[in-house]
Structure formats: C-alpha cells, structure tokens
Amino acid sequence: MIELRDVYKQLGTRQILAGLTLTVPKGMNFVLMGPSGSGKSVTLRHVIGIMKPDQGTVTVDGQNVPAMDRAQLMALRKRMGYLFQNGALINWLTVADNVALPLREHSRLPKSELDDRVHQALRVVKLDHAAAQFPPSISGGMKLRAGLARALVTNPEYVLYDEPNAGLDPIISHEIHELIIEVRNRLGVTGLIVTHSRACATQCGDRIGILENGKLAVTGTVDEMVHSDHPLARAFLGGGAD
Ligand SMILES: Nc1ncnc2c1ncn2[C@@H]1O[C@H](COP(=O)(O)OP(=O)(O)O)[C@@H](O)[C@H]1O
Ligand SMILES: [Mg+2]
C-alpha cells in the first residue's frame, strides 16, 4: 500500500502540496488527475523518494520513504517501476539495452539471465521484435511500450505511470491502456497513474482523485467520479472531457 498523509511541499515560493492525503491499496490502479502544474509529478517523486515532504508522511507498505537511506531507497526502487512521460528512453542504446538499465543498476545477473528478463518484459508489452532497434527509429507508442518494459523488468510490485498516453493518438492510447490493465490483472501490480485522459482514467482506474490547490479536491471510485457533479470531476471526466 502507498500512503501519503497530510503532505506539504513548497518549491521555490509556491506551496505545491498542501495537506495531500492519498491511499493506494494493493492490487489497485489509482488515477491522479488535476490541472497542469498542480503537483502530480511532484507527488510521484515523493513516492519514490526523489523528493521529501516538508511535513506529513509518505509510506510504502508501512515503511517511511523519506527516512530511507541510500540502500533502502535502492531496494524500494527495485520494487517500484516508473514509467516516464514519452518513455524517456536513451537514444543511443537499443530498446533491449534501455530495458536492461534497471537490472544493471540494481542487480548483478549473469548475462543469460539478464537477457531472459529483458525479453520477458519486452514480450509483455509485445515489443520483442524491436529489441535491437534504437529509439529514434521507433514510433511514440513503441517508445512508451519500451518504457513500460523498462518499468516492469525488475518484476516490481508497484508501477508509477506519469502521463502514459501524452501525445499518443486514441488507437495507440487504447493499446497502452490495455497493457496497463493487463499489468494490474495478470501481474498483480499496484498502479499510481497520472493522466489527463478521461479514457485512461475510466478504463485503467479503480479509484480516481483530482488534485487541486495541493490536495485531493474530490476522490471516489470510477463510477462515483464519472457521475459526480463536482465541477472538477465534470471537467476531467464529464461528457465533454477527452
Ligand atoms: N524541482 C523543482 N523545483 C522547483 N519547482 C518545481 C520543481 N518541480 C516541479 N516544480 C513546480 O511545481 C509545480 C508542480 O509541478 P508538477 O508536479 O510537475 O506538475 P504536474 O501536475 O503538471 O505534473 C510546477 O509549478 C513546477 O514548476
Ligand atoms: Mg507532470
């Protein structure tokens, strides 16, 4: 379980998080929505311990993330994949070498086992045919799938998805949503998904929370949120939203 409780964070002169409380139970996809600049990515950075709260607590399975030392943070990041916007691949490494990066960082596996794990992750995202290609020569959807394979290669219990469909067309987005659902259902991974997309939120999510002024303004199950008359729920999830 991921739990943020009453988290405050100021960056520069701006109070970005101001009393944010958010719980992601095991096995669930929690969708975090909110206006641009509202602190969604900052929230994810707190969960993996890149940022520390000024006040409040951040725990993963009861462990206090901001108090972790380097070794504990490394162990946490092995259990927690992170899918960056646009996949964030390194252009001069092949798809397979990009996917292998977290394994090289976190473990000393024999080459044959490392290769097996990489190809297993690539198969999950249906990208094994592109293992030897370089990122500049593959499509946006393939980059994102490679980024997802990289997030999954350590067999994490959690994956944090930062805008997994930004810049993708609806058809490719739909493929990504199906993969995110499969990662939850088949691999049992717990997800925290940041997105602006109504389709992503309603297809992949179990619960949705909308961040505004540093805390969740409204939260509920997908069904509750789709039918909510809260103005933010209507803006992000109503009929006119995309
Ligand atoms: N490391 C940082 N230092 C200063 N300001 C930051 C930093 N990271 C993010 N911010 C600011 O915090 C606000 C929230 O950022 P972010 O979480 O990236 O928004 P979003 O909800 O769009 O993901 C933005 O105004 C951003 O400029
Ligand atoms: Mg962001």
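Modeller: One term before we start: a polar contact here is a pair of N or O atoms within 3.5 Å. Also, bear in mind that this is a predicted model.

Colleague: Fine. Which residues come nearest to ligand 1?

Modeller: There are 13 residues around ligand 1, and the nearest are Arg14, Gly37, Lys40, Ser41 and Val42.

Colleague: And what lies 2.9 Å from a polar backbone atom of Val42?

Modeller: An oxygen atom of ligand 1. Gly37 also uses its backbone, with an N or O atom 2.7 Å from an oxygen atom of the ligand. With Lys40 the side chain is involved: one of its polar atoms is 2.8 Å from a ligand oxygen.

Colleague: How much of ligand 1 does the protein bury?

Modeller: The protein buries 62% of the 560 Å² that ligand 1 exposes when taken alone.

Colleague: Which element gives the largest share of the shell around ligand 1?

Modeller: That's H1, with four residues. Helix H1 covers 40-47, and strand E2, at 14-24, also supplies at least two residues of the shell.

Colleague: Okay, switching to the helices. At what angle do H3 and H4 cross?

Modeller: Roughly 115 degrees, with the axes coming within 9 Å. H3 is residues 95-106 and H4 is residues 111-124.

Colleague: Left-handed or right-handed?

Modeller: The crossing of H3 and H4 is right-handed.

Colleague: Which residues make the contact?

Modeller: From H3 you have Val95, Ala96, Val99, Ala100, Leu103 and Arg104. H4 brings Leu114, Arg117, Val118, Ala121 and Leu122.

Colleague: And how do those divide by type?

Modeller: In the contact of H3 with H4, nine residues are nonpolar and two are charged, with no polar ones.

Technical notes. Residues numbered from 1 in each chain as written. Chains lettered and ligands numbered in written order. Predicted model: local features only at pLDDT ≥ 70, side-chain atom pairs only at ≥ 80, totals over all residues. Heavy atoms only, no water. Near = heavy atom within 4 Å. Polar contact = N/O pair within 3.5 Å; in protein donor to acceptor, adjacent residues only side chain to side chain. Areas by Shrake-Rupley, 256 points an atom, 1.4 Å probe, with all protein chains shown as cover. Axes fitted to C-alpha atoms, helices over the stretch in contact; angles between N-to-C directions. Left-handed = near helix turned anticlockwise from the far one by under 90°. Contact = heavy atoms within 4.5 Å. Nonpolar A, V, L, I, M, F, W, Y, C, P; charged D, E, K, R; others polar.
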